[in-house]
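Let's take a walk through this one, helix by helix. Have the sequence and the model open side by side.

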Amino acid sequence: MKLSKAIKNMDKTLFVITSLLFIFGLLNIVSASSQTAVLRYNHDLYTYFYKQLITIVLGVIIGVFIIKTPSKSYKLLGPLAFIIVAVASLAVSLTSFGATYSGNNNWINIGGFTFQPSEFAKPVMIVFVSILFEKFYTKLRSKKIEQKDKYDMIFKIMLVGLFFPVVIFLQRDLGTMIVITTIFAVLFLASPILRIDKLRTIGLCFVLGLIMLVILMGKGDLFSSAQSSRFNFFNPCKNYENGGYQICNGFIAINSGGLLGQGIGESKQISYIPESHTDSVFAIIAEQYGLIITTLIFILYAVVLKRILDISSKCQTIRGRYICLGVATYIFLHILINLGGLFGVMPLTGIPLPFLSYGGSFTISLICALAIVQRIAIENKNQKV
């Protein structure tokens with residue numbers, strides 16, 4: 001398909017809103033990363049801006065190829081991408097390519113170039129599981145097929161859905177593990193698998209998970225010391241010296257924003273908030289731009305999620321329906337977990353905020369996921385015609 005025709009048939013509302021959010025996030029990174037770039041690392045003020053810009057451009061280039069590729073080819077590309085990301089994830093855990101940042105051993109460092117395979121695992125898992133749902137749809141819905149054959153198919157689906165959470169847990173990245181596990185759980189609950197088979201599978205997974213939890217707790221190996229400190233999120237300002245300083249300073253920044261904000265580049269808390277351009281970027285946005293702009297951001301998030309779910313509901317293919325549901329869940333969970341940690345209603349996990357946080361691997365992964373949704377929207381429109 002020609003790119004001009006693909007662009008014509010895209011979901012324009014989704015494209016415009018996501019583009020505006022990416023642009024706003026990119027521009028905000030200049031002020032949000034200023035303390036880290038200049039004072040901590042003695043870099044140029046625009047260092048993180050240029051890095052994020054390059055990342056977005058690279059993501060857009062990959063996204064163009066995705067938009068031009070028919071989703072029926074995912075039957076081949078989905079398993080292939082899964083294998084590539086799985087090998088990269090295992091390389092992180094088992095070889096010297098693995099690098100540790102912020103207590104998480106989930107990075108690959110090659111010649112100074114670093115990336116997270118676990119971020120790419122999210123869209124790859126969504127696509128592969130959706131392909132399996134489509135492939136096994138009729139047999140999973142049938143009551144006549146032998147139970148052994150049916151559970152063989154369910155086992156394959158579970159293997160694909162839970163492979164990355166297990167590997168990522170071993171890499172000590174609890175936040176990413178929770179996101180991928182929850183995405184798969186949503187897809188599984190919405191899957192064509194019969195209710196009785198779902199209940200049996202969930203029961204088995206619960207028992208196995210409980211056994212694993214008891215073993216890890218017995219060894220004292222469930223959480224690292226850094227992860228344990230993040231559970232001290234209740235009354236963070238009273239526990240300022242024991243893990244509450246990041247959330248407490250985030251509270252101060254958000255409250256200081258008022259209705260219209262302190263102004264661009266006028267953040268006071270940027271000197272006190274760790275990772276002000278990544279995990280805690282929303283606090284800096286709230287302080288600089290105020291309640292009106294942050295409310296608009298929430299509205300735009302809601303519109304993005306609704307548009308993706310609308311595309312899902314109009315899909316003529318099973319794979320398209322589940323892919324869109326998975327991507328919507330992916331974006332929603334990142335918003336929920338990031339802001340939940342920042343607002344002190346759940347532990348901080350280092351999960352980036354969609355469109356607004358600095359981060360190369362996550363940004364490319366998000367652009368790819370949105371490009372897949374746009375490809376499905378294009379095919380929906382073509383099928384209608």
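Predicted model: local features only at pLDDT ≥ 70, side-chain atom pairs only at ≥ 80, totals over all residues.

Residues are numbered from 1 along each chain as its sequence is written, and side-chain values use heavy atoms, leaving out hydrogens and water.

Start with H11 (residues 245-257) and H12 (residues 281-313), whose axes lie 6 Å apart at an angle of about 20°. Helices here are DSSP runs of H or I, at least four residues, numbered from the N terminus. On the H11 side, Gly250, Ala253, Ile254, Ser256 and Gly257 make the contact, meaning heavy atoms within 4.5 Å. Facing them on H12 are Ala283, Ala286, Glu287 and Gly290.

Now follow H12 to its other partner, H13 (residues 318-342): the axes come within 10 Å and cross at roughly 160°. That makes H12 roughly antiparallel to H13. By class, the contact has 18 nonpolar, one polar and one charged residues (Ala, Val, Leu, Ile, Met, Phe, Trp, Tyr, Cys and Pro count as nonpolar, Asp, Glu, Lys and Arg as charged, the others, Gly among them, as polar).

Finally, the lining of the largest cavity includes Asp279, Ile337 and Leu342. A cavity is a set of points on a 1 Å grid over the protein atoms alone where a 1.4 Å probe fits but cannot get out, and lining residues have an atom within 4 Å of a point.

Technical notes:
1 Å grid on protein atoms, 1.4 Å probe; cavity = no way out; pocket = protein on both sides within 12 Å on 5 of 7 lines; lining within 4 Å. Axes fitted to C-alpha atoms, helices over the stretch in contact; angles between N-to-C directions. Helix = DSSP H or I, 4+ residues; strand = E, 2+ residues; numbered from the N terminus. Parallel < 35°, antiparallel > 145°, perpendicular 65-115°, else oblique.
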